[in-house]
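Please look over the sequence and the structure shown here before reading on.

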Amino acid sequence: MALLKLTSPHAHGTQNTANVMQLVLLATIPGLLALTAFFGWGSLINIVIAGIVAVGCEAAVMGLRKRPIMFYLGDYSALVTAVLLGLALPPLAPWWLILVGTSFAIVIAKNLYGGLGYNPFNPAMVGYVVLLISFPVQMTAWPAPLPLYPDGESFPGLWQSLQMVLPFLHAEGIDAFTAATPLDTFKHNTGFLVDQLYQKDPLYSRASLAGVGWEWVNLGFLAGGCFLLYRKVFTWHAPVAMLGALALCSTLFYDGGSSSSHGSPLLHLFSGATMLGAFFIVTDPVTSATSNRGRLIYGALIGILIFIIRSWGNYPDAIAFAVLLMNFAAPLIDNYTLPRTYGHKKSRRATEKKD
Amino acid sequence: MYDIIAQYPLSAALVALTGLSVVFGAVLGYAAIKFKVEGDPIVEQIDKLLPQTQCGQCGYPGCRPYAEAIANGDTINKCPPGGQTTINAIADLLDVEAPSLDEEHGEESDVKTVAYIREDECIGCTKCIQACPVDAILGAAKLMHTVIVSECTGCDLCVEPCPVDCIDMLPVAKGPGDWKWDMPATTEEQIKNLHSHDIIATDQNNNDNGKQDGGNAS
Amino acid sequence: MRKVWDLIGGVHPPENKHQSVQSCIGTLPLPEKLIIPLNQHIGAPPKLLVAEGDSVLKGQVLAEPNGMVSAGIHAPTSGIISEISAHSIPHPSGMAARCITLVPDGHDRWADIKGVENYREHSPEELLDVIRQAGIVGLGGGGFPTAVKLGTQQSISTLIINSSECEPYITADDMLIREHAKDIVEGIKILSFILGEPEEILIGIEDNKPEAYEALEPYLQDTNIELVEFTTRYPSGGEKQLIQILTGKEVPNGGLPADIGIVCQNIGTTYAVQRAIQQGEPLISRVTTVTGNACETNKNYLVLIGTPISHLLEHSGFDQSKCPRLIMGGPMMGFTLEDLNIPVIKTTNCILAPTGEELPTPPPAQPCIRCGMCAEACPASLLPQQLFWHAQSHNYEHLEAHNLFDCIECGACSYVCPSNIPLVQYYRAAKGEIRKLSLEKINSDRARERFEFQKTRKEKEEAGKAVKREARKKAAEQARAKKANNPSGNTETSPADDIIKAAMARAEAQKASPQEQRAKLERGIVRAESHLESVQKRLNTLEQDATEKQREQALAALEDAQLRLKDAQQKLADLTLPSDTNVSNTEKTVMEKSQASPREALEKKIATLKERIVITLKKIAEADDESLKTALQNGLEKQQTKLKDTEQQLAETPAQTNESTTTPETENAAAAAIARAQAKAADQASMSDEDKLKATVESLQNRLIKAQEKLASAESEGSEHIDAFRSGVEKLQAKLTAAEAQLAQETQ
């Protein structure tokens, strides 16, 4: 056998892209469990449908681009996009909503820009925003968390849920029991002090942090995120900066719990999609800033944007918009945040010309 | 004041606009003089991008005349020694679409050649010396000539005038010092290789030095 | 305990060092031949001192350092120099370079060598010279001549001895320390003495070599040498990285460690220095690790420089069928070898023969997801993912802004890359490309300078000539006028002076008649002719329906044009021929001349020269004044040489007249060549390969005919260059046959 001519290094670490993606998928499990426990089978069904659509779309696009299909499917990236979108969509959303969102994310937001690694915007968030703008009614219908159901009632079972999601399975007379989310409640709060609201609304009175069910979902994603941090899948910079900025903003504008308050820091940190965003969306390496310093800025600006949109914008939650807006800014941040190289006095700019 | 404006809205608008234009014109004019940037004239910039072989394959007697011609609107794809790289660079500079090389002026070659005089055959006619655009040939009448290899641009212009055909264009010898790694093969090529040979060639060594015997093609 | 800084980034691959430290450093029987590359270091190749067939003794100098940054090489054993030729050398390219092949005679006889008894009695310069003569270079892998590094002019406060040996598999330094700790410490003391006893001497060692640590420790009692242990992490052994770990300082960008008062030496080098100074032994062997699962025995050997790797592997039970790639150096920075006959050189610290399972061939690269693991691993704090991005798009400006050239190519980024992207290869290729471009830039700048210089020089020459000609013309006219006024010849200047001046002026006018001026006049003629033509045409059209007055005007214009043409022709004639030629002839001559081929022009020139010689001869006969006579004779001689030159030129001028007369001699050779080359290129562009070949054959045939004619004329004239012409013809014939053969093949 002829000896090969290869470039160094000849040794290689054990990490590969598929591993990384698998770890991310694994890390979503606590959050998914919490979602299922409090909101029913919907999220699980979302993920399964989105997963099938995403892999199908990815394979189709790779086929059209005449690329080796199995090689590219092997990186699990399509599945990650699908799972993240499935987690973000309201449980028990109709099947076509998932289909439209996922296929838009994979085909247009990801592959039309060149596929994995080349997309400037987070595909899952693009899919989410497209749905949110196009189908606001379906997108804002969140089922009520389990503790808020009347005594003795529970959320629909798996078969019922499937019938609701896929209406051609003859779903009649089954209707989801929807309720306002904690963030919705604050958005529409007029005249109640925060404390009053907390006592009045069972959504809060039965919770300890930030809304029944929601706090557990967020804690679940927080746990998953910590696991990924421990496994060094990403660095702490972006999520910590985002959560820090969000906490800071909400503290500054808490306003002592008056009726015009935008909610406590705890509410902002542990309701809505905050933790999912912080550890699974903001950390998407492809679309975020590259250097650690850049990621701090990127994360912090996302945190601030989230608070601004939540408080004064038209939408109750704002992760998707904030992330997409900062995706725009990532290259600019990169330009000014090169790290200081060994032996250099200060860092340079990416577009700096030679002397 | 307000009354006047209300009474003659048209004149007031005219006066305001004129005033503004005068003020801004003055500001701009001042800025144009004060912050004037002495840029390289475009000919200089183009000339800098050309390979300076002075070979005349473009039809102009040297690189600078061609640069001037480009500045005056000639096409930018007449330089075979510079090849596509130069064309792209000039297209970039002039902000135009990069055309491909005009083969009428010759073909791009990967192998850099230099002239070599077989000295025992040289009769010392000085014709090559006169033809050399960069004074890279040494010698005097009736004495043997030789090429200063480090100064030769490989332009080929000395081959034709030689009455005894003793000038060859030889590829520049390459040692380990000149060698460099090639860019790795793309993923698609790697997968292809994987299936065809069961090995992956991350490096495709291009040892094809070509069988260029520059002197014989005239 | 000393404060140790953390390595920035870095990785910790499996160490795999235990395999090769089981037994002590071994030796090998002499190989059949030793192949010693001339250039084993960074810097100028040394000057060869031996020739093929010489017999040499062990330690004898084979080549001496040539220039400041250079190192000599020595015979690793006694024997005969059998060959000095190109042989593949240990280099990532696998290319060949000059090597000395030494066939050992088996006696292993030493040349007369002697060490320095007490080095403290010598000056550092003397010791440096010993080190330089001993051919010692950095043995850690850099190969930079040690004497140069030690001879720094800056004052050194810290000497760092690098025994980090951070690459997996390699244990050469580890084993050397275990077995030669005493000599190594001695070597460090010598280095310290040479450097003027720096305040700090630190030995940096990774914490995975406790045996080496213990071996060194006893010898460091009562010295100021400090042994510093730090966490095992690749690439702590990089010079810049080790300095940062041990001192917290960073080597400034573009600078040397000496700039911050630090000198760093590999521990193997200190041993070599000790051998050279105290034993007088040049660097002819080194410790090399032979390891990897494709070898049965993994151990370290004391190997003679030049030993072929096949020899090492044979004695290690190497199984090539299990080994897809053979690596010189470690798994992180080593390079692959494609030839087993490549020799061990001074910087070869390891031969790694892994099996396919041990170091699997990398799978195809997946897209970069910019995960940033590479940036976390980079010891230089670069952004490898951005470098990769820009290298892929050949964006060299951005690459330099991202400090590509601060990359030490340690491979940590590629090691951690989850997408298996060969990042280091991208950086190497991009670096090579940038270096090539900047070299090309320098070359093209120089070419431009030379071209511009030539242009200005030629312009100056022309201008100078024109001024001189003007002056001469004036002088000649004045002289003539005086002569006319004073026919008795009783002038202030002697007649001889006059005649000479006139002759010189004529000669100058003939020789240096500015080509542009003539070209201008010729163009004037052409213009006048075309004008004349157009006037005539107008006249013809007017003929039918014009008034008398118009016709008259036209006729006047016609006449005017004719006059102008005549005038221009006259001027040209004046310019071309000396004034004493028959004026009535000039017009004709000029017409002939301007239309004649170069050959005809030359013939004409010869004729006129001959005429003038006859005239001069006559004048000599007539002259009675002695000074006039000698002057005339001088002139005659000049004319004769000129005649000869012209004849020679005629012989060289292609006999075949060009169809178009548009290539007069006024155009310079370069322009002509350009025109021809262009026409050729244009033709070729529109031709198929076969046509191209045909054209080549045709042109070769033409050239052959020309050359044969030249040869014939040269023979008839008995030219001294007959041989040259003849060989030219032969060569052309050979080329022609080759081209014809190719054509025949093509047409088949």
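## A helix and its surroundings

In chain A, the 12 residues of helix 5 (residues 77–88) should span 16 Å at 1.5 Å a residue, and the end C-alpha atoms of this helix are 17 Å apart, which agrees. The expected span is 1.5 Å times one less than the number of residues, and helices (H or I, at least four residues) are DSSP runs numbered from the N terminus.

Of these 12 residues, 11 are buried, so helix 5 of chain A is largely enclosed by the rest of the structure; among the buried ones are A:V80, A:L84 and A:L87. Buried means under 20% relative accessible area, exposed over 50%, and partly exposed in between (1.4 Å probe, protein chains only).

## Basis of the model

This is a predicted model, in which local features need pLDDT of at least 70 and side-chain atom pairs count only at pLDDT 80 or more, while totals for chains, interfaces and linings use all residues. Residues are numbered from 1 along each chain as its sequence is written, chains are lettered from A and ligands numbered from 1 in the order in which they are written, and side-chain values use heavy atoms, leaving out hydrogens and water.

## Aromatic pairs

Rings of Phe, Tyr and Trp (its six-membered ring) pair if their centres lie within 6.5 Å, with planes under 30 degrees apart counted as stacked, over 60 as edge-to-face and the rest as tilted. Over all chains, this rule gives 17 aromatic pairs. The ring centres of A:F307 and A:W312 are 5.8 Å apart with planes at 85 degrees, so this pair is edge-to-face.

Conventions. Helices (H or I, at least four residues) and strands (E, at least two) are DSSP runs, numbered from the N terminus.
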